[in-house]
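Dear colleague,

My notes on it follow.

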Amino acid sequence: MSEENTGPSRAAMVFTGLGAVVALVLASVLAGGSNATQNSAVGNTSGVASSTQVKETGETTHVEIGVQGMSFTPSVVHVPAGNRLHITFTNTAEQRHDLVLASGQTTGSLAPGASAELDAGVITANTEGWCSLPGHREMGMTLSILADGAPGGSASAGSHSGGASHNHEVATGTGIPTADQLRAYAAKVDPYPAEVAPASEEKDHYYTLVARDDIVQNLSEDVSRTVWTFNGNTPAPTLRGKIGDTFHITLKNEGTMGHSLDFHAGDIAPDEAMKTIDPGQTLEYTFTAKAAGIWMYHCSTHPMSMHIANGMTGAVIIDPSDLRPVDHEYAMVATELYLGDNGGTANATKIASMMPDLQAFNGRPFQYDAHPLKVKVGERVRFWLMDSGPNTAMSFHIVGGQFDTVWDEGGYTLIDGGNAISRGGGGSQTFPMLPAQGGFVELSFKEPGTYTFVNHVMSLSEAGAHGKIEVTN
Ligand SMILES: [Cu+2]
């Protein structure tokens with residue numbers, strides 16, 4: 001409906017200099033309205049000319065709005081032009097929502113089951129509402145309020161599915177820091193710890209994960225983003241154990257909206273364990289690791305792409321039973337950044353179009369350029385790798401290095417330059433991952449030097465998925 005609504009207004013403003021009558025005729029024609037003649041008589045240059053002609057009827061239209069999934073029900077409301085609109089909004093969905101009108105009126109964020117009353121005032125022209133929780137509007141939570149009988153014509157209920165075409169008011173984000181600016185800032189702050197400790201001997205692991213959605217991460221001197229976190233950082237802590245270990249997770253929601261957990265390392269029904277909990281609530285999530293791997297975990301509250309892109313993801317390493325000791329073990333969790341307004345959360349339109357501004361190993365672009373990993377010639381190094389996405393592929397490569405051992409999603413594809421069948425002297429140049437895939441690679445460096453590790457999807461390497469390894473004698 002925004003198309004029908006904004007079309008005549010914009011056209012009218014553009015053509016103001018040509019005279020009001022011409023403008024409004026054009027406006028109506030452009031809007032596809034059938035009553036152009038009627039409108040042409042209106043002598044008013046305002047962009048909302050037609051709506052000001054509507055007289056108050058003194059009557060009130062009451063509507064009840066609910067929520068199903070990521071849609072308002074109903075999502076289109078007809079109001080006789082000139083009537084006052086009174087909305088009873090009940091959040092009939094399973095996570096928090098609100099209803100904001102274009103006028104700025106809002107119900108505020110409502111818990112599941114809660115209701116609020118909204119007096120939308122006298123409706124003289126088509127207008128709209130939406131849910132302002134991050135990503136929800138882009139997922140289709142829009143409400144069309146159609147002023148039946150208003151000059152210019154009330155749009156008929158056409159497509160109201162949300163999506164990119166409705167995002168003209170969503171910030172497109174400005175000021176993406178340059179690589180140099182990102183590196184300069186990364187040099188001033190501690191890097192996310194890349195080295196991972198071996199699995200403990202405990203058979204039961206107890207963790208509390210606190211969800212928050214208000215932590216600001218500076219990317220450069222001038223640009224920051226709000227990250228959504230488990231335990232205050234993104235990625236969330238890397239957990240580790242062995243096959244057969246039990247993980248006892250307590251999720252505490254200290255955020256402002258619903259959050260949840262999905263552990264790929266667990267093999268359990270998602271209904272209860274993965275449910276979204278409200279701010280202030282806690283949830284116990286217990287699983288026993290039955291299979292080795294580096295497993296993604298993430299918030300699975302809709303829209304998941306938004307919760308993951310804002311940082312709510314981490315890894316659980318479950319050691320294969322035949323894992324060999326090495327000199328260094330690092331974990332790299334790759335994530336994409338889709339910058340919204342400066343200081344704000346990720347831009348849902350960019351997420352939906354899968355065009356990240358930046359990509360990072362362990363949450364901050366270029367941080368291991370600023371703080372290189374340090375190893376010695378001949379030492380055996382293992383990189384645990386996971387692509388947390390939410391959307392793009394990762395092709396992990398070390399410039400100047402070759403992997404002689406590769407463990408990919410459940411098993412070795414290469415051991416010491418061979419595989420399970422043939423010790424044929426093979427090597428590997430990249431470790432490819434789609435979102436939520438992972439494994440590890442091993443290598444040793446034969447000569448001292450500065451090696452770089454990159455996403456060999458080169459544009460994403462240049463956008464931050466890039467780090468250094470200093471190899472010395
Ligand atoms: Cu979340």
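Does Gln217 count as buried or exposed, and at what relative accessibility? At 10% relative accessibility, Gln217 counts as buried; buried means under 20% relative accessible area, exposed over 50% and partly exposed in between, with a 1.4 Å probe and protein chains only.

Before going further, please note that this is a predicted model, in which local features need pLDDT of at least 70 and side-chain atom pairs count only at pLDDT 80 or more, while totals for chains, interfaces and linings use all residues. Residues are numbered from 1 along each chain as its sequence is written, and side-chain values use heavy atoms, with hydrogens and water left out.

Surroundings of Gln217

Gln217 belongs to strand β9 (residues 204–218). Helices (H or I, at least four residues) and strands (E, at least two) are DSSP runs, numbered from the N terminus. The side chain of Gln217 makes a polar contact with the side chain of Arg225 at 2.6 Å, and also reaches the backbone oxygen of Gly363 at 3.2 Å. A polar contact is a pair of N or O atoms within 3.5 Å; within protein, one must be able to donate a hydrogen and the other to accept it, and residues adjacent in sequence count only if both atoms are side-chain atoms. Leaving aside neighbours within four places in sequence, Gln217 is in contact (heavy atoms within 4.5 Å) with Ser224, Arg225, Val227, Gly363 and Arg364.

The copper site

The copper ion has as its protein donors His259 (ND1), Cys299 (SG), His307 (ND1) and Met312 (SD), which lie 2.0 to 2.7 Å from it. Donors are N, O and S atoms within 2.8 Å of the metal (3.2 Å for Na, K and Ca); water is not among the atoms, so sites may look incomplete. Along the chain, the donors follow the spacing H-x39-C-x7-H-x4-M. His259 lies in the loop between β12 (246–253) and β13 (262–263), and Met312 in the loop between α7 (304–309) and β16 (313–319), so the pair ties together parts that are 53 residues apart in sequence. Both His259 and Met312 are buried.

The 4 donor atoms subtend angles of 85 to 131° around the copper ion, which makes the arrangement tetrahedral; four donors count as such if all angles lie between 85 and 135 degrees.

The sheets

An open sheet of 5 strands has the order β19-β27-β26-β21-β24, with mixed pairing. Two strands pair if DSSP finds at least two bridges between them. β19 (373–376) and β24 (430–433) stand at the edges with a single partner strand each, so one side of each is left without a neighbour in the sheet. Strand β21 (residues 394–399) is joined to β24 by 4 bridges, and the two run antiparallel; Phe396 stands opposite Phe431 in β24. The covered face of β24 holds Phe431 and Met433, and the uncovered one Thr430 and Pro432.

Another open sheet, of 4 strands, is ordered β3-β8-β7-β5, and its pairing is mixed. Here β3 (76–80) and β5 (100–101) are the edge strands, each with a single partner, so one side of each is left without a neighbour in the sheet. Strands β7 (residues 127–130) and β8 (residues 142–148) run antiparallel and are joined by 4 bridges, with Glu128 opposite Ser144 in β8.

With kind regards

How values were computed
Tetrahedral: all angles 85-135°; square planar, octahedral: opposite > 155°, others 65-115°.
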